[in-house]
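Visitor: I am new to this one. Could you show it to me and take my questions?

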Amino acid sequence: MLIEKYIDETKQGAVHKGGGCTRNTKKLFLESYGCQMNFSDSEIVVSILNDEGFNTTDNVKEADLILLNTCSIREKAEQTVRTRLSHFKELKRTNPNLTVGVLGCMAERLKAQFLEEEQLVDLVVGPDSYRDLPHLLKEIENGKDAINVILSKEETYADINPVRLGGNGVSAFVTITRGCDNMCTFCVVPFTRGRERSRDPFSILKECKDLWNSGYKEIILLGQNVDSYLWYGGGAKKDFSKASEMQKVTAIRFAQLLGMVAEEIPGMRIRFATSNPQDMSLEVFSKMIQYPNICRYVHLPVQSGSDKILRSMNRQHTREEYLSLIRKARNMVPDLAFSQDMIVGFCGETEADHRDTLSLMKEVGYDYGYMFAYSERSGTPAHKKMTDDVPEEVKKRRLREVIDLQGELSAQRMKSYVGRVHEVLIDGESKKDKDQWKGRISQNAVVVFDKEYDTKLGDFVQVFVERSTRGTLVGKIIEIKS
Ligand code: SAH
Ligand code: F3S
């Protein structure tokens, strides 16, 4: 299963399936909310807790430990988690030995306040403190509340072998950076996930090779800001200026890392997320031309098409710089697809700013988009210095307009893939028809097609795309590659 970029925050999080080893006796129920990074982190958490005698279960009633890996990005995401927590009250009453814990961004943002507000929570652990889980669980056994929300400049969990929870055995996340230094004024991530730091490239390469050897065919290199990847021997990106001359000369950046992985494992498809316009170098696109296993798809959030709003968001690039990056990239790489994140109704956004957003979307012609109404987050620069002055109904209407426009753009983009042959990695069964496979083309569009020629999950096939719907392609296998 390739998890979508962000889980719909009005829905329950993804429950991780049951599994583990026979010697373990305790049961962990783990649910993840928010972005792909949380899913990847949950795989680290399960790895750590496996060694502590826990196997995962998808039946909450039999759990000894319930963990929610939470998201703080918008108010709605936090409300969903609080509602979910309230469902565990009854379980806790009937099973006094049950431990309930909150991980991730909400834990980091609310800290000890969580233990007071949500009486049933015993454990609060921030994104950089998962190694402390065994110790914290012992504290609880001794009748203490357990909390660790210390952010680190070093932690990358590089040596921890994640337990793959995605389930299809075809695609896997590989985390390459943690934290974010960009300080977009609306965003809580720099506060909940701390300073940007990069993971040792050799441990990344090893993880990718291990995945290949276990049958995986696609990896998604993950970070809040992958293009900002910088390995110079460890430590925060901000401290690079203090690195030795030798470290500076031998430092590895994202394009190099991408090239290394692509070169070492030519059969593996490589995707990456998320990119930030100001940190993206054209060298990344050169690597796409050089290595056909790097997918021709970039998730490149822009947030707004208005220069005024981009400035007040502290996005560090203009509309024209963004468009120019896309033009240059498209000139270099044929058939390159882009997707966006967009925020409507940010502080001071006028109708003219909103129209700039719509016109930018048309100019780029995105394949997909993830669109949100601005939600003020306490402690962020926007909360401290600006006024959340766009009325809710205006935000709603603008959101509807960008979503509708994206629907049209997606439909057009899907049409552009029709009448051609695409390489597709089979990553599951079609939800609607058990006799059909689903998979993705390099540009990330989903294709469904009949299960012909003895094909199986994880096969690469050449598919002729016959038609498209709004968001999906429909085709026919014409050749099997492996
Ligand atoms: N770089 C990150 C971005 C995380 S936040 C990544 O890896 O994807 C994901 C998206 O949520 C942002 O791109 C932005 O569009 C949206 N977002 C962030 N803060 C928000 C807020 N306060 N209100 C509404 N949307 C927000
Ligand atoms: Fe947030 Fe901007 Fe970083 S959206 S995650 S501060 S790039």
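Predicted model: local features only at pLDDT ≥ 70, side-chain atom pairs only at ≥ 80, totals over all residues.

Visitor: Which residues surround ligand 2, and how many of its shell are nonpolar?

Guide: Residues are numbered from 1 along each chain as written, chains are lettered from A and ligands numbered from 1 in written order, and side-chain values use heavy atoms, leaving out hydrogens and water. Ligand 2 is surrounded (a heavy atom within 4 Å) by C180, N182, M183, C184, F186, C187, V189, P190, Q224, N276 and R315. With Ala, Val, Leu, Ile, Met, Phe, Trp, Tyr, Cys and Pro as nonpolar, Asp, Glu, Lys and Arg as charged and the others, Gly among them, as polar, the shell has one charged, three polar and, to answer you, seven nonpolar residues.

Visitor: Which residues of helix α10 are buried?

Guide: Helices are DSSP runs of H or I, at least four residues, and strands are E runs of at least two, numbered from the N terminus. Buried means under 20% relative accessible area (1.4 Å probe, protein chains only). Cover for the buried part of α10 includes α8, β11, β13, β14 and α11, with contact meaning heavy atoms within 4.5 Å. In α10, residues 254–264, the buried ones are F254, A255, L257, L258, G259, V261 and A262.

Visitor: How are α10 and α11 oriented to each other?

Guide: Their axes, lines fitted to C-alpha atoms over the stretch in contact, with angles from 0 to 180 degrees between N-to-C directions, come within 8 Å and cross at roughly 15°. Angles under 35 degrees count as roughly parallel, so α10 and α11 are roughly parallel.

Note on methods. Buried < 20%, exposed > 50% of the residue type's maximum accessible area, 1.4 Å probe, protein only. Parallel < 35°, antiparallel > 145°, perpendicular 65-115°, else oblique.
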